[in-house]
Amino acid sequence: MAKLKQDKSHEMGLHQEQLKGKTQQRFFSIDESENLTYFQSNEVDTSKTATIDALDMTPREINREIRALMEKGVGDITVDNPMSRHGVGVGILNRLNLTFSDSLGYFGCGLIDGPNVHIKGRVGWSCAENMMAGTVVIDGNAGSTFGAAIRGGDLVCRGSVGARTGIDQKGGTIIVGGKTGAFSGFMMQRGRMIICGDAGMNLGDSMYDGTIYVGGEVEELGVDCVPGEMSELDVRYLSSKLDMYGIKTPNGVEKMNKYVSGKQLWNYDNLEPSEKKLVL
Amino acid sequence: MSKDEQAFVVGDKGLDTDREEEIGQHIGYRYDVNLVPDLKYITPFLQKYIDKMGWKDLNWLEDVHMGYEEDKAAVFDRNVNGWVTIPDSIKLPDNQQERDMIARELLIKFQMSENHPMVDLNNAYRKF
């Protein structure tokens, strides 16, 4: 752990902790470059592997076992026989390679920050909700509210997903290899959604910001979701991202369509009733 | 604030609304939140970080951009819901992509520091 060099920090104009109103002033050294994981997280070795047979375990026991293995420094964990249990693989705030050999139920891998998860099956509702960082790759299909309120990281479903994909998305990248259901990107605020197949009705309804790329047909755009212009940087980004997960679009990345927010709903409360009608 | 800095804070279009004119700054983001990163500008430190995490690109850092707090370059730390000001000693380049990479590097260094506010919160409130 790097030791803080107070003299250098003071030279740089950073100061000792001082509270004034709602501002909290903290100082740290920009030389603390050897710390690449959260302070107090478990230092794990990805060459150390372990397998959990979850056949007769409750979700709580599975999660506790994963945590206990991380504390022992195991960095590559496989969970066999997850039996579509709900709420497993959640709350992992650590670097880790985690594999589920079969399907998960509802709320799998939620609230994670850092791990790389591979699910060799399907998932139920709200997979990876509130995900902060890391990667989650699902080989099969996924249920509704896939990646609800996701804030960061890559969430990938090689198959198709249900309705309200990425509802309230605040960051990160959701990639769907197949189709997505109605109201995908509902109230999206930031981040990117890449749909390789078709999208259901009301795509991007009431989105504030963010970007949706669609490779197939869109049944209908939602309120305030408008076509955007693809740039060369978008094409390069999409090619690199999809190649990373071995996913292809039916007509190629260049022919994908981009959708963004029309931003007519920004400052909505300040509009007159007649103006609100025009927006909607 | 230098003229170069003002171009980033005010933007190409200037201040649009009466309210913005009144307060002298833009309302909302002062950078393109949808700008996808250009990996050719990645710094050695960030490369080391993503290698350690086992990722092939910037992952969650794709959503991190350099913003401005009280006319000073800053980066938003979602873990503390506040801005981290970029030290004056760091010379900032004149394009957003390179600025974003500096912001990402600084944010990682702050978040991984033992002086990060989350460390105190963790000690006080962690359940397990």
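The model is predicted, so local features need pLDDT of at least 70 and side-chain atom pairs count only at pLDDT 80 or more, while totals for chains, interfaces and linings use all residues. Residues are numbered from 1 along each chain as its sequence is written, with chains lettered from A and ligands numbered from 1 in the order in which they are written.

Chain A holds 4 helices and 13 strands (DSSP runs numbered from the N terminus, H or I of at least four residues for helices, E of at least two for strands). Of its 280 residues, 44% are buried; that label takes 20 or more other C-beta atoms within 10 Å of a residue's own, with C-beta atoms placed from the backbone.

Take A:V74, which sits in strand 4 (residues 74–80) of chain A. A:V74 counts as buried because 20 other C-beta atoms lie within 10 Å. Beyond four places in sequence, A:V74 is in contact with A:V44, A:K48, A:T49, A:A50 and A:L69, a contact being two C-beta atoms, placed from the backbone, within 7 Å. A:G181, 107 residues away along the chain, has its C-alpha atom 38 Å from that of A:V74.

As for the partner chain, 34 residues of chain B are in contact with 43 residues of chain A. On the chain B side, helix 3 (44–53), helix 4 (96–111) and helix 5 (117–125) each supply at least two residues, and helix 3 of chain B gives the largest share, 5 residues.

Key: A residue is buried if 20 or more other C-beta atoms lie within 10 Å of its own, exposed if 12 or fewer, and partly exposed in between; C-beta atoms are placed from the backbone.
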